[in-house]
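Reader: Please take a close look at a single part of this structure and describe how it is packed. One connected account will do.

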Amino acid sequence: YYLRTPCASTLLLAMAASPPPSRFGPPLLPLLLLLVVGYFTVSASAAGELSQVVGRGTESDGPYFEPFNVSYDHRAVRIGGQRRMLVSAGVHYPRATPEMWPSIIAKCKEGGADVIETYVFWNGHEPAKGQYYFEDRFDLVRFVKLVAAEGLFFFLRIGPYACAEWNFGGFPVWLRDIPGIEFRTDNEPYKAEMETFVTKIVDMMKAEKLYSWQGGPIILQQIENEYGNIQSKYGQAGKRYMQWAAQMALGLDTGIPWVMCRQTDAPEQIVGDLTTL
Ligand SMILES: *[C@@H]1O[C@H](CO)[C@@H](O)[C@H](O)[C@H]1NC(C)=O
C-alpha cells in the first residue's frame, strides 16, 4: 500500500493493508521504518521512567505524559535526561484516512517503534495562500494525539520541503507564482512564506500542548530537509539560507531540539544529522 524509498534519516517503510500478523510469524512488520537515533547506552528499564498519563489508544486532549525535557549529547538523544536508542517509524498521515490511523500506529508500536515521524505537507495544509486546511487526512493535530495516546513519541519534520515522492516537494503551487521567488535559498519572498508556515505549525502544536515539556509526545522537529546535499549549488546564498532557517527555527522557542538532516555544517544548536550524533 505504501512504500518509501530510502531517504532522509530513514530507511524503509512498507505498509500492507492486511490483517495484523502474529507477532513473530511472517510477514513480520507490515509497517515499519527504522531510524536509529543515537545508541544504546542504558538498559531497557530506563525506558520505563516516563509515565504515560493517558492509556493505550485512548483519544483525548492529554496531557499524555508527565512533562519531560529532551536534549542530546555527542552520542544520543536524551529523553528526560536518559540516553535512549529510539526506533522511529515513518507514517505519512495524508496517505491514509483518520479511520486507519489508530491501527497503523498500533502496528508500528507492535513492530517495535518508539517514535512516529512524518513530514508536514505544506501544499495540503495551505492549498491557497493564507487559506489553511487541517481537516480529514490533513488533521495533523488529531494524528499527533493518536500517536501520543498509544504512548509513542513524535518527530515532527516540518521542512517545509519534503522528499517522500510527494508532489512538488510539498510546496504549494501558488508559491511558484509569487513574483521574484526562488525556493530554498536566500530569497526574501520565499523565506517570508516559509517562516509563516513553520510558525503556524509550531504555534498549533504549542496551543494543543503537544510538546514534551507540555505533556505531549513531540520530542524532535526538523527544519529543512537534506539541504546539505544541494546547498553548494546555491553558492553563498545557500549557506546564508541554511543559517537563516536554523536561526528562524530556534527563534520559535519550541523547547525541544531541531534537526536538519544531512547538514554537516549545521549551526551548533542544531542537530545536523541524528544518525551521526
Ligand atoms: C524542562 O526545562 C525547563 C527549562 O530549563 C525547566 O523550567 C523545566 O522545569 C523542565 N521540565 C522538566 C519536567 O524537567
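Author: Leaving aside neighbours within four places in sequence, Glu 193 is in contact with Trp 122, Lys 129, Trp 174, Leu 175 and Ile 178. The model is a predicted one. Glu 193 lies in helix H5. Its relative accessible area is 10%, so Glu 193 counts as buried, the cut-off being under 20%.

Two packed helices are described by the angle between their axes and the distance between the axes. For H5 and H6, the axes come within 11 Å and cross at roughly 25°. Because angles under 35 degrees count as roughly parallel, H5 is roughly parallel to H6. The crossing of H5 past H6 is right-handed. On the H5 side the contact is made by Tyr 190, Lys 191, Met 194, Glu 195 and Val 198. On the H6 side, Tyr 241, Trp 244, Ala 245 and Met 248 make the contact.

H6 itself covers residues 235–250. At 1.5 Å a residue, its 16 residues should span 22 Å, and the end C-alpha atoms are 23 Å apart, which agrees. The buried residues of H6 are Ala 237, Gly 238, Tyr 241, Met 242, Trp 244, Ala 245, Ala 246, Met 248 and Ala 249. These buried residues pack against helix H5 (188–207), and also against strand E10 (218–223) and strand E11 (258–259).

A last point concerns cysteines. Cys 108 counts as buried because its relative accessibility is 0%. Cys 261 is likewise buried, at 1% relative accessibility. The structure holds zero disulfides.

How values were computed:
Residues are numbered from 1 along each chain as its sequence is written. This is a predicted model: local features need pLDDT of at least 70, side-chain atom pairs count only at pLDDT 80 or more; totals for chains, interfaces and linings use all residues. Side-chain values use heavy atoms; hydrogens and water are left out. A disulfide is a pair of cysteine sulfur atoms within 2.5 Å. Buried means under 20% relative accessible area, exposed over 50%, partly exposed in between (1.4 Å probe, protein chains only). Helices (H or I, at least four residues) and strands (E, at least two) are DSSP runs, numbered from the N terminus. The expected span of a helix is 1.5 Å times one less than its number of residues. Contact means heavy atoms within 4.5 Å. Axes are lines fitted to C-alpha atoms, for helices over the stretch in contact, and angles run from 0 to 180 degrees between N-to-C directions. Angles under 35 degrees count as roughly parallel, over 145 as roughly antiparallel, 65 to 115 as roughly perpendicular and the rest as oblique. A crossing is left-handed if the near helix is turned anticlockwise from the far one by less than a right angle, and right-handed if clockwise.
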